[in-house]
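Visitor: Could you walk me through the charged pairs and the core here?

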Amino acid sequence: MKKYPIGALIIILFIIFFAAMSNSKNKEVNVGGEQLPHIIAHRGHWDTEGSAQNSRKALELAIAHGFYGCEFDVHLTKDNRVVVFHDHDIQGINIQTTDYADLKDLKLPNGETLPTLDEYLEIASKQKGTKLILEIKGHQGAERNREAAREVHKLVKQYGVEGITEYISFSMDVCKELIAMDDKHKVFFLHWDKDAPSPKELKAAGFYGLDYAWGAMKERPEWITEAREVGLKVNIWTVNDEADMRHFVEAGADFITTDAPELLKKVIDEKKKK
Ligand code: MG
């Protein structure tokens with residue numbers, strides 16, 4: 001064996017140690033080496049003092065807690081600004097048919113004004129630990145959906161956050177546009193029932209993963225195995241019940257999206273100790 005001076009050996013050991021530490025930072029791996037699900041905070045970390053769904057605070061808290069991902073929803077306004085909000089209407093006003101100027105002062109339940117995607121990406125660009133699980137909502141007609149995908153992607157690129165962004169959408173037009181732009185985009189198809197496309201079908205269409213409702217995944221447990229076989233990731237939403245969390249941890253989901261990320265963390269930490 002080649003002999004190294006003791007100083008060099010210490011440096012090599014430090015490098016190996018820190019490489020292992022940084023590699024494990026975003027991976028939930030239990031003592032047996034089994035992969036455990038990553039935690040995605042649904043609409044950010046909102047169910048806590050001073051926060052609100054899809055608020056800037058909810059993103060900041062998801063980052064501060066070190067969750068794997070912060071899920072949030074975006075729409076194009078009539079004049080093509082991208083804003084962060086779940087429903088199609090805010091205080092009775094339809095977002096997609098209204099100019100941004102008429103929306104910008106509307107308040108979220110925690111007192112913040114309606115966030116723009118620019119503001120979200122600015123916050124996210126200052127860190128690398130928490131991924132953006134960016135849901136592009138459906139718009140009126142195929143061309144408007146494709147336009148939404150292009151506008152959102154333009155901003156993601158502009159803020160230099162492509163490496164921490166994963167896209168999700170119920171709109172096949174949105175998803176196909178993102179995949180066509182760059183086949184390295186991580187795009188998950190969202191669906192709510194058991195008649196969703198199978199993992200094999202999604203793989204053939206260039207998807208990175210599926211993001212299906214927990215009820216559908218209980219009816220189609222074989223989809224986790226099928227996704228593994230074809231190399232797709234499995235995200236399951238919105239898992240808020242502790243028993244369901246345990247179920248999908250055992251089932252081998254790659255990601256669990258939840259309104260209760262701290263509870264899910266507790267469930268995963270308990271599993272790690274076993
Ligand atoms: Mg969503």
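**Salt bridges and core**

Guide: The side chains of Asp-269 and Lys-265 meet in a salt bridge at 2.9 Å, N to O, a salt bridge being a side-chain nitrogen of Lys or Arg within 4 Å of a carboxyl oxygen of Asp or Glu. This is a predicted model, in which local features need pLDDT of at least 70 and side-chain atom pairs count only at pLDDT 80 or more, while totals for chains, interfaces and linings use all residues. Residues are numbered from 1 along each chain as its sequence is written, and side-chain values use heavy atoms, with hydrogens and water left out.

Visitor: How are Asp-269 and Lys-265 separated in helix H10?
Guide: They are four residues apart, about one helical turn; helices are DSSP runs of H or I with at least four residues, numbered from the N terminus.

Visitor: Which residue does Lys-266 pair with?
Guide: Lys-266 forms a salt bridge with Glu-242 (3.5 Å, N to O), and this pair links distant parts of the chain, helix H10 (residues 261–273) and helix H9 (residues 242–251).

Visitor: And are Lys-137 and Glu-135 buried or exposed?
Guide: Both Lys-137 and Glu-135 are buried, where buried means under 20% relative accessible area, exposed over 50% and partly exposed in between, with a 1.4 Å probe and protein chains only.

Visitor: Switching topic, how many residues has the largest nonpolar core?
Guide: It has 56 residues, and Met-217 is one of those with the most contacts inside it; such a core is a set of buried Ala, Val, Leu, Ile, Met, Phe, Trp, Tyr and Cys residues joined through side-chain atoms within 4.5 Å.

Definitions and conventions
Helix = DSSP H or I, 4+ residues; strand = E, 2+ residues; numbered from the N terminus.
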